[in-house]
Amino acid sequence: TIPLKHGAHRIDKRTDSVMAKWRGYGLGQFIHWGLYAIPGGEWNGKTYNGAAEWIRSWNGIPKSTYDSLIYKFNPTKFNPESWAKTAKQMGAKYVTITTKHHDGFCLWPSKYTKYTVANSPYKKDIIGPLVNAYNKEGIDVILYFSIMDWNQPGWRYEIKTKEDSIAFEGFKKFTRNQLLELLNKYPTAKGLWFDGTWDKSWVKQAAFADELEKEMRALRPGLIIGSRFRPDDFGKRHNDSNGRLMGDYEQGWERKIPNKIEDVHGNDWDCVMTVPENQWGYNKAWNGHIKTVNELIEMTAKCVSLGGNFVLNFGPKGDGSIRKEEIDLAAGIGNWMRVNNEAIYNCQYAGLEKQDWGYFTGKTGSNKVYMIIFNVPVSGAFRVKLPAKTSITTASLLEQPNTTLKVEEISENQYFIHTSARADNKPFVIVLDLNKKAGNASGTYEKAK
Ligand SMILES: C[C@@H]1N[C@@H](c2nc3ccccc3[nH]2)[C@H](O)[C@@H]1O
């Protein structure tokens, strides 16, 4: 291995209780909100084809015009309790909220810049009431923070001159000040979700970022920080130059989901997903494919079946209201989660061979395995293949626990589970009680060979 001073500081998954709770969240909500929600991807009758939260980078709106949107920020319909209730009803166990996106506008009254809510007509802190409202609903909060800050004069995409490096040193101090400010102002936040760390300027800051990460973890023991914060000695992010994960979980699954367990490399991870193809901030047009409730339930099941969490993005409007389409999706997902969340919460990769009908999830530390069914075979029988020395004790429908299903053994450790045809075309869950695998104290099954 390559000797690194600022590479990964931990080899395997974290084993503490805070991370174990994170591992079991299953379903989360992402909130992208800021000045970009005011134009909503359009300006002067023209549509910006990129992601709405990137509209400042478009030549269709002058930078100074965008920056003066601070004087238009007055979300009269902002109601943190209703946002938190929507997330609760959807079944989200955690929420990631943008405190500051790439444009540098701070949703909290930061002492280190004027470009915050404090200097908008709204005046008040947004982050504090959101953290309190979500925590009151029993939902943990992760703070999203963009290192790249287009509003900061000291920010540089690349450090080329002496002047650049002096300016960037000031920017680094500013960044550290804001992060410590956030951790001190919002002590119940469980973690930080970093973004905007791909530029040449930042990937040269291995020592600074390593120092800062250590300082934040000392200030807030248990703090959860993903793989997208710091670069290693050679500027590598996510995985260091020895291929080891930086931070506590893999953040690279942005708008994509791993296909097989090998893609996960034994890491904790979450997938952050947009409802349209690629819009995080509020976008009026919402062109293209808008994901359906069933698609989003399947993405949730697929993520949990591969040991990750699924985090669905909401982009509230400039006035602070959440668009009807998102409210309806949250309600539809929630209707399914209310009945089936036992197959999602505190579940992991079951270690069983993937079958065409859907996804297996395994309840952490138990003999229970869930079959989340999306594709009913024309035969009506659901194939299950188990590792050696493992057999099915009972099979039942999660929604009707006392109905045992017929289990037909086909051969050594291969079974067909039979169920009667179902009226609706909603995904459903079969619960398997397996006999404990000899020597498998943890309850999760050895990786399928
Ligand atoms: C979670 C997502 N990450 C930001 C982002 N900016 C990108 C620029 C280039 C490639 C990928 C990006 N993701 C998006 O604006 C959103 O905040």
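A polar contact is a pair of N or O atoms within 3.5 Å. In the predicted model described here, a polar side-chain atom of Y144 lies 3.5 Å from an oxygen atom of the ligand. On its own, the ligand has 400 Å² of accessible area, of which the protein covers 74%.

The residues around the ligand comprise H32, E53, W54, H101, H102, Y144, W193, D195, W198, E254 and W280. Sorted by class, this shell contains 5 nonpolar, 3 polar and 3 charged residues.

H102 belongs to the loop between strand β4 (94-100) and helix α4 (127-136). Because its relative accessibility is 2%, and buried means under 20%, H102 counts as buried. The side chain of H102 is joined to that of S146 by a polar contact of 2.8 Å. When neighbours within four places in sequence are left aside, H102 is in contact with W54, Y144, S146, M148, D149, W150, D195, G196 and W198. Among these contacts of H102, residues W54, Y144, D195 and W198 also belong to the surroundings of the ligand.

Residues up to four places away in sequence not being counted, F310 touches G26, L27, G28, I257, C271, M273, L296, M299, T300 and C303.

A395 is found in strand β14, which spans residues 392-397. The relative accessible area of A395 is 2%; buried means under 20%, and A395 is therefore buried. Its contacts, apart from neighbours within four places in sequence, are T403, T404, L405, V407, I417, V431 and L432. Between the C-alpha atoms of A395 and V369 the separation is 9.6 Å, the two residues being 26 residues apart along the chain.

Key: Residues are numbered from 1 along each chain as its sequence is written. This is a predicted model: local features need pLDDT of at least 70, side-chain atom pairs count only at pLDDT 80 or more; totals for chains, interfaces and linings use all residues. Side-chain values use heavy atoms; hydrogens and water are left out. A residue is near a molecule or strand if one of its heavy atoms lies within 4 Å of it. A polar contact is a pair of N or O atoms within 3.5 Å; within protein, one must be able to donate a hydrogen and the other to accept it, and residues adjacent in sequence count only if both atoms are side-chain atoms. Accessible areas come from the Shrake-Rupley method with a 1.4 Å probe; for residues, only the protein chains shown count as cover. Ala, Val, Leu, Ile, Met, Phe, Trp, Tyr, Cys and Pro count as nonpolar, Asp, Glu, Lys and Arg as charged, and the others, Gly among them, as polar. Contact means heavy atoms within 4.5 Å. Helices (H or I, at least four residues) and strands (E, at least two) are DSSP runs, numbered from the N terminus. Buried means under 20% relative accessible area, exposed over 50%, partly exposed in between (1.4 Å probe, protein chains only).
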